[in-house]
Amino acid sequence: MKVKAKYESSLVLEKMEITESTFRKKDGDLGELELNVEVEHSMRILTEDVFEVFLVTIVSDEEEKVFIRVKGRAIFVTQQQNVDILKKNMIAIMFPYIRSYISIVTTQPGMEPVVLPAMNIAAMINEENK
């Protein structure tokens with residue numbers, strides 16, 4: 001089945017998968033933990049219009065009472081050549097999948113699910129480019 005839209009994006013997500021995942025939780029009260037989120041990414045040009053993107057998201061507290069690391073891989077197809085715009089858009093498309101995965105994995109007995117906040121991907125990339 002093919003669905004067409006009037007304002008279809010020229011950036012197409014062909015494949016998205018979780019390639020690595022680690023979840024550790026130590027015994028004890030986790031109620032007052034402050035978790036930090038780190039995001040790492042890399043992009044590779046496979047052909048003129050096919051890109052491979054890796055997105056690693058790490059969520060943990062300073063003592064690593066909770067430690068989550070998720071690595072996702074996506075393949076995108078586009079005619080767009082502006083790498084800065086591509087990077088922002090590809091990561092923005094991938095991040096909700098990683099965010100959802102982390103919420104599902106942390107829905108464990110004895111633990112509140114970890115729900116990551118929405119992130120300003122454009123600001124993150126702009127800061128990296130400074």
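How many bridges join E2 to E3? The two strands run antiparallel and are joined by 11 bridges. The model is predicted: local features need pLDDT of at least 70, side-chain atom pairs count only at pLDDT 80 or more, and totals for chains, interfaces and linings use all residues. Residues are numbered from 1 along each chain as its sequence is written, and side-chain values use heavy atoms, with hydrogens and water left out.

Helices (H or I, at least four residues) and strands (E, at least two) are DSSP runs numbered from the N terminus. Four strands make an open sheet, in the order E1-E4-E3-E2, with antiparallel pairing; two strands pair if DSSP finds at least two bridges between them. E1 and E2 are the edge strands, each pairing on one side only. From one strand to the next, the twist averages 10°; axes are lines fitted to C-alpha atoms, for helices over the stretch in contact, and angles run from 0 to 180 degrees between N-to-C directions. H1 packs on this sheet and touches E1, E2, E3 and E4, its direction making about 45° with that of E3. Asparagine 36 stands opposite serine 60 in E3.

The largest nonpolar core has 25 residues, of which Leu55, Ile68, Phe76, Met90, Ile102 and Val114 touch the most other members. Such a core is a set of buried Ala, Val, Leu, Ile, Met, Phe, Trp, Tyr and Cys residues joined through side-chain atoms within 4.5 Å; buried means under 20% relative accessible area, exposed over 50%, and partly exposed in between (1.4 Å probe, protein chains only). Strand E3 (50-60), strand E4 (66-77), helix H1 (83-105) and helix H2 (121-128) each supply at least two residues of the core. H1 gives the largest share, seven residues. Beyond four places in sequence, phenylalanine 76 has contacts (heavy atoms within 4.5 Å) that include Leu11, Phe51, Met90 and Ile93.

Arginine 73 belongs to strand E4. This arginine counts as buried because its relative accessibility is 18%. Its side chain and that of glutamate 52 are joined by a polar contact of 2.6 Å, a pair of N or O atoms within 3.5 Å; within protein, one must be able to donate a hydrogen and the other to accept it, and residues adjacent in sequence count only if both atoms are side-chain atoms.

Leucine 30 sits in the loop between strand E1 (12-25) and strand E2 (36-47). At 16% relative accessibility, leucine 30 also counts as buried. Leaving aside neighbours within four places in sequence, leucine 30 contacts Lys25, Lys65, Val66 and Met111.
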